[in-house]
Amino acid sequence: MLPNTGKLAGCTVFITGASRGIGKAIALKAAKDGANIVIAAKTAQAHPKLAGTIYSAAEEIKAAGGKALPCVVDVRDEQQISSAVEKAVEKFGGIDILVNNASAISLTNTLETPTKKVDLMMNVNTRGTYLTSKACIPYLKKSKIAHILNLSPPLNLNPLWFKQHCAYTIAKYGMSLCVLGMAEEFKGEIAVNALWPKTAIHTAAMDMLGGSGIESQCRKVDIIADAAYCIFKKPKSFTGNFIIDENILKEEGIKNFDVYAITPGHPLLPDFFLDEQPVIVTKKPETHAADFFPDSLPASCGALTPSGCVHAASPSPLPAIARNPSLSSQPRPPRRLSRQASRAGFKGTYINNIGALPELKEEEAQPSPKPRSGAVEGTFRIVKDSLSDDVVKATQAIYQFELSGEDGGTWFLDLKSKGGNVGYGEPSDRADVVMSMSTDDFVKMFSGKLKPTIAFISGRLKIKGNMALAIKLEKLMNQMNARL
């Protein structure tokens, strides 16, 4: 792990949501330098399901070598934010670093997200970040260090990251847009950056989303704390960056990332908003990337530069889209793409390798698939008999299975269409999740003899697409196991 240098000794760090999880981890890392920590969080009394309060966090910070000021702050309340900032300035003499960590999440689609939850996410994530930054900026401008760090993702416009949890994505990207705007607005005075994990991080929120056993596929909060510490050490000129934790730590010389894993050696879940091979879907498939990006953009540049950052002040995907209005009104690509285009990843935001984009071609009509028989077909038949409108409503996803071995091939499970559907071949609409495995493991998994998590960890199951929806399928399998 990254050693402390003492650079933050005497600095005042204002952290929202610091009573537990990532916020507290960043606080403890800074406290080891002897920093002053303002714990701006809601939890003043112990929660029955969530460990930690602002007062217990304060005791841990003091034990680590720092000073602490616990403040009850709901970032939706502007008066509570202002009061905490005033107390911090009165007690410590100013504010040097602001960490906008407080966040709300609901991975639900548009029709399943109550207005109350929409308001919660918008008000905590976007509005809360904006208001807390606004309150701290007058004091940050007086600091020699002057950093704002938002825990938010790179601005990836791949529709995949909007279609299943549109409200959450908008709210989270609002935090990232604050980085984009404020970095430019306060250039030279305050460094404003975003930090996002490459993999899932084990927190109380992840336990609620993924359920029991998910922790083995996660890293510890310490990796975010170390990455944040790297950023705090940089000058004010380091601004407007969307940073991935692992990348910046590699720049610091960290090579062994097993120390950050909950279960060293186990495969890790990739985090939201990051594409393995991001590309742009353009209005004109034959258009070259050079039409959208300046010549100065490195050939290896994707959502991130080799250093792990997207620089707001440098040529980046977002300004490129702004300069080309045609990108904002793109028609949907043909429903069925050629295998070449599908494999090229025509679903993303950024171009990973500069050059001509593959041409989209509709596949020629294929003959009807031959009837299938065997264990896989039998399993799908039982699955189909188990489907209902309630199951479809609760899942809202299309799964594609690439099965190797006898009775294998491409199969699908459509839990979006009315009543649901299963079948041999590719689904009529693009799959949200693609799972690759052997036919034997498929049958074992659906019959409860093989846990999907174990199959994934052992490499017997490979998953591409929306991991939250993959987790939903695992829960559905548990309900079907009795029949299979």
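1. S404 pairs with S438 as its bridge partner in β11. Strands and helices here are DSSP runs numbered from the N terminus (strands E, at least two residues; helices H or I, at least four). This is a predicted model, where local features need pLDDT of at least 70, side-chain atom pairs count only at pLDDT 80 or more, and totals for chains, interfaces and linings use all residues. Residues are numbered from 1 along each chain as its sequence is written, and side-chain values use heavy atoms, with hydrogens and water left out.

2. Zooming out a bit, β8 (residues 397-404) and β11 (residues 433-438) run parallel and are joined by 6 bridges. For two strands to pair, DSSP has to find at least two bridges between them.

3. Now the whole sheet: it is open, has 5 strands in the order β10-β9-β8-β11-β12, and its pairing is mixed. β10 (421-424) and β12 (462-465) sit at the edges with a single partner strand each, so one side of each has no neighbour in the sheet. From one strand to the next, the twist averages 15°.

4. Then the helices. α12 (residues 375-386) lies across β8, β9 (409-415) and β10, at about 5° to β9. α14 (residues 439-446) lies across β8 and β11, at about 115° to β11. Those angles run from 0 to 180 degrees between N-to-C directions, with axes fitted to C-alpha atoms (for helices, over the stretch in contact); contact means heavy atoms within 4.5 Å.

5. Cysteines: the disulfide count is 0, taking a disulfide as a pair of cysteine sulfur atoms within 2.5 Å.
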